[in-house]
Amino acid sequence: MRVAFLGPPGAGKGTQARELAREWRVPHVATGDMLREAVAAGTPLGREAKRYMDAGVLVPDDVMVGLVGERLGQPDAARGFILDGFPRTLAQAEALARMLKDRGQELDRVLYFDVSEGELLRRLTGRRSCPVCQSTYHLVSAPPRRDAVCDNDGTPLVQRVDDREDTVRTRLRVYGEQTAPLLDYYRHRGLLTSVPAEGAIDTIRADIREAAGAA
Ligand code: AP5
């Protein structure tokens, strides 16, 4: 199972990937989570990435390709993975194809999460996250069991800096300019399946299983 989840900010990629990676017993390779961990740890990568992330723009391709190449080279990724948030540019898509080819592998499927812009804004501005385990919640559609703390570890939930409305609009614009062209890239290679990603989280998950051939 080698799949990539593709879609705009707030489309639900992380929400679905976290559960399905457990179910399919493959690593959830989420570049946003990896970068946020580096920011929290204050590493040189984290310090470099933070200024791009806070502004809602993409971290340079060479940094991202290096990070993902290293992660996919770890033993647990040998039997598969869910990529969440990578690739995000044509250069990243081409680098991914090369790195997989070098290992005698290829992507099985790219799943596009199709969500309207109004719903994305509603989801992102209402999102709250756990800074420790990275679980995500929504004030209205997916609240935690206890007010404002993470269900898993009791940590107080936070709003991501880049979920403020002006930064969300920048992220949506960057997605349209730099990531949306990947839809045609993967469609032409026969790898793209579009999944309607509005509605109940469980229903969407069932559609993803089917689209990935894991139903
Ligand atoms: P990243 O963390 O990857 O952000 P993103 O792609 O913008 O995606 P999000 O995490 O915002 O959304 P999601 O689709 O995972 O939605 P979620 O499941 O949380 O990247 C952050 C930054 O890092 C980038 O801006 C960039 O700077 C940098 N970066 C990362 N990767 C990079 C790369 N490859 N190249 C360069 N730079 C990179 O859901 C959202 C909300 O909706 C939650 O509150 C959730 O509870 C709720 N929700 C989910 N599903 C539903 C549903 N069905 N109904 C109602 N609510 C729902």
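P87 sits in the loop that runs between β3 and α5; helices (H or I, at least four residues) and strands (E, at least two) are DSSP runs here, numbered from the N terminus. The structure is a predicted model, in which local features need pLDDT of at least 70 and side-chain atom pairs count only at pLDDT 80 or more, while totals for chains, interfaces and linings use all residues. Residues are numbered from 1 along each chain as its sequence is written, and side-chain values use heavy atoms, with hydrogens and water left out.

Back to that loop. The peptide bond joining F86 and P87 is cis, with omega at about 0 degrees. T89 also belongs to the loop between β3 and α5. With a relative accessible area of 6%, T89 is buried (buried means under 20% relative accessible area, exposed over 50%, and partly exposed in between, using a 1.4 Å probe and protein chains only). The C-alpha atoms of T89 and G154 are 36 Å apart, and 65 residues separate the two along the chain.

Helix α5, in turn, contains A91, and A91 is partly exposed, with a relative accessible area of 39%. A91 and Q178 are 87 residues apart along the chain, yet their C-alpha atoms are separated by 10.0 Å.

Now for the ligand. There are 36 residues around the ligand, and T15, V57, R88, R127 and R171 come nearest; to be near, a residue needs one of its heavy atoms within 4 Å of the molecule or strand in question. Sorted by class, this shell has 15 nonpolar, 12 polar and nine charged residues. For that sorting, Ala, Val, Leu, Ile, Met, Phe, Trp, Tyr, Cys and Pro count as nonpolar, Asp, Glu, Lys and Arg as charged, and the others, Gly among them, as polar.

Which atoms of T31, G85 and R160 lie by the ligand's nitrogen and oxygen atoms? In T31, a polar side-chain atom is 2.8 Å from a ligand nitrogen. G85 uses its backbone instead, with an N or O atom 2.8 Å from a nitrogen atom of the ligand. R160 brings a side-chain N or O atom to 3.1 Å from an oxygen atom of the ligand. Taken alone, the ligand exposes 1,000 Å², and the protein buries 96% of that (accessible areas come from the Shrake-Rupley method with a 1.4 Å probe, and for residues only the protein chains shown count as cover). Two or more residues of the shell come from each of α1 (13-24), α2 (31-41), α6 (117-125), β6 (136-138) and α9 (201-211). Of the elements, α2 gives the most, with four residues.

Next comes the nonpolar core. In soluble globular proteins, nonpolar side chains tend to be buried together. The largest nonpolar core here has 32 residues, and V59, L72, L83, L96, L107, V110 and Y186 have the most contacts inside it. A nonpolar core is a set of buried Ala, Val, Leu, Ile, Met, Phe, Trp, Tyr and Cys residues joined through side-chain atoms within 4.5 Å. Elements giving two or more residues to this core include β1 (2-6), α3 (44-55), β4 (109-114) and α8 (181-188). The largest share, five residues, comes from α4.

What about the cysteines? A disulfide is a pair of cysteine sulfur atoms within 2.5 Å, and by this rule the count is zero. The sulfur of C133 has its closest cysteine sulfur in C150, 3.7 Å away, so the gap is too far for a bond. C133 counts as partly exposed at 29% relative accessibility, whereas C150 counts as buried at 3%.

R25, although not a glycine, has a positive phi of about 55 degrees. R25 is in the loop between α1 and β2 (28-30) and counts as exposed, at 65% relative accessibility. A148 is not a glycine either, and its phi is positive at about 65 degrees. A148 is found in the loop between β6 and α7 (165-179), and with a relative accessible area of 41% A148 is partly exposed.

Technical notes: Polar contact = N/O pair within 3.5 Å; in protein donor to acceptor, adjacent residues only side chain to side chain.
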